[in-house]
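Okay, everyone, thanks for coming. I'd like to show you one chain and then zoom in on a single residue. Have a look at this first.

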Amino acid sequence: MAVARRALGGIHRPPPGGGTRRRPGAHRPSARLFAHDRGLRVPRVAGVDEAGRGCLAGPLVVAAVCLDLQGLTASGRRALGDLDDSKRLPPAVRARVADAVMRHAEQVVVLVASPATIDRDGLHRTNLRLMARALAAIRPCPSVCLVDGFRLGPEAPEHRAVVGGDRRSASIAAASVVAKTARDRLMAGPVAAAYPGFGFEQHVGYATPEHHAALRSEGLSPLHRRSFRSVAYPPV
């Protein structure tokens with residue numbers, strides 16, 4: 001994985017005549033996201049987020065991304081120019097941004113919890129545990145760790161909860177993109193091939209009308225979370 005070496009940003013000189021000129025790409029959400037993380041005034045920031053928390057089927061995927069803000073190259077900044085909250089990106093753009101994160105982030109950690117683990121330990125507890133483990137796996141520990149909306153407890157690395165973090169922080173947004181892309185590829189690929197009657201390639205496990213219809217005709221697959229007790233589930 002590439003480790004960046006050149007400073008983020010540059011010296012901004014106003015155009016002749018004293019007017020204000022917008023830097024290329026300054027209107028993009030990525031500019032605001034990176035401004036947030038640079039505003040922390042530390043060289044390395046890690047963010048963590050999840051994908052699949054609200055699904056009826058499939059795993060929970062957590063990603064942690066560490067960005068070297070001082071070392072990110074100009075090509076890295078361009079490659080991450082479309083970075084945003086994963087839910088706001090079209091699938092093709094999200095996949096491209098995820099690949100850019102994998103190339104230009106200092107470190108990326110992805111952890112997965114199975115539906116059986118979620119049923120056994122509970123969704124919230126599983127989510128917090130995976131987030132804490134993902135941050136702890138980044139070595140050396142970043143100067144600041146950011147979590148999208150949650151406090152992870154005293155055993156996790158020191159961190160800050162950021163409400164709506166995937167729309168505020170570049171590192172959290174990068175984690176959200178990696179987590180969702182990894183999960184969607186799994187659900188739309190191997191999982192959909194293994195369970196062709198459920199339409200996982202379309203809804204990737206979320207509670208859509210098509211998924212409800214498949215549940216009525218197919219019943220529960222081994223990847224459905226029994227602990228959710230959804231009204232869409234057929235009677236046992």
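Let's start with Arg94 and who it touches. If we skip the neighbours within four places in sequence, Arg94 is in contact with Ser86, Leu89, Val177, Lys180, Thr181 and Asp184. One thing to keep in mind as we go: this is a predicted model.

So where does Arg94 sit? You'll find Arg94 in helix α3, which covers residues 91-104. And is Arg94 buried or exposed? The relative accessible area of Arg94 is 8%, and the cut-off for buried is under 20%, so Arg94 counts as buried.

Now pick out Asp184 from that contact list. The side chains of Arg94 and Asp184 are joined by a polar contact of 3.5 Å. There's also Asp84, ten residues away from Arg94 in sequence. Going from C-alpha to C-alpha, Arg94 and Asp84 are 8.6 Å apart in space.

Okay, let's zoom out to the chain. What does the secondary structure come to? Eight helices and five strands.

How many of the residues are buried? There are 236 residues in the chain, and 50% of them count as buried. As for the surface, the chain exposes about 11800 Å², with carbon and sulfur atoms supplying 54% of that.

Last bit, on contacts across the chain. Take the ones with a separation of 6 or more: 69% of those are between residues 24 or more positions apart. That's me done, thanks!

Terms used
Residues are numbered from 1 along each chain as its sequence is written. This is a predicted model: local features need pLDDT of at least 70, side-chain atom pairs count only at pLDDT 80 or more; totals for chains, interfaces and linings use all residues. Side-chain values use heavy atoms; hydrogens and water are left out. Helices (H or I, at least four residues) and strands (E, at least two) are DSSP runs, numbered from the N terminus. Buried means under 20% relative accessible area, exposed over 50%, partly exposed in between (1.4 Å probe, protein chains only). Contact means heavy atoms within 4.5 Å. Accessible areas come from the Shrake-Rupley method with a 1.4 Å probe; for residues, only the protein chains shown count as cover. A polar contact is a pair of N or O atoms within 3.5 Å; within protein, one must be able to donate a hydrogen and the other to accept it, and residues adjacent in sequence count only if both atoms are side-chain atoms.
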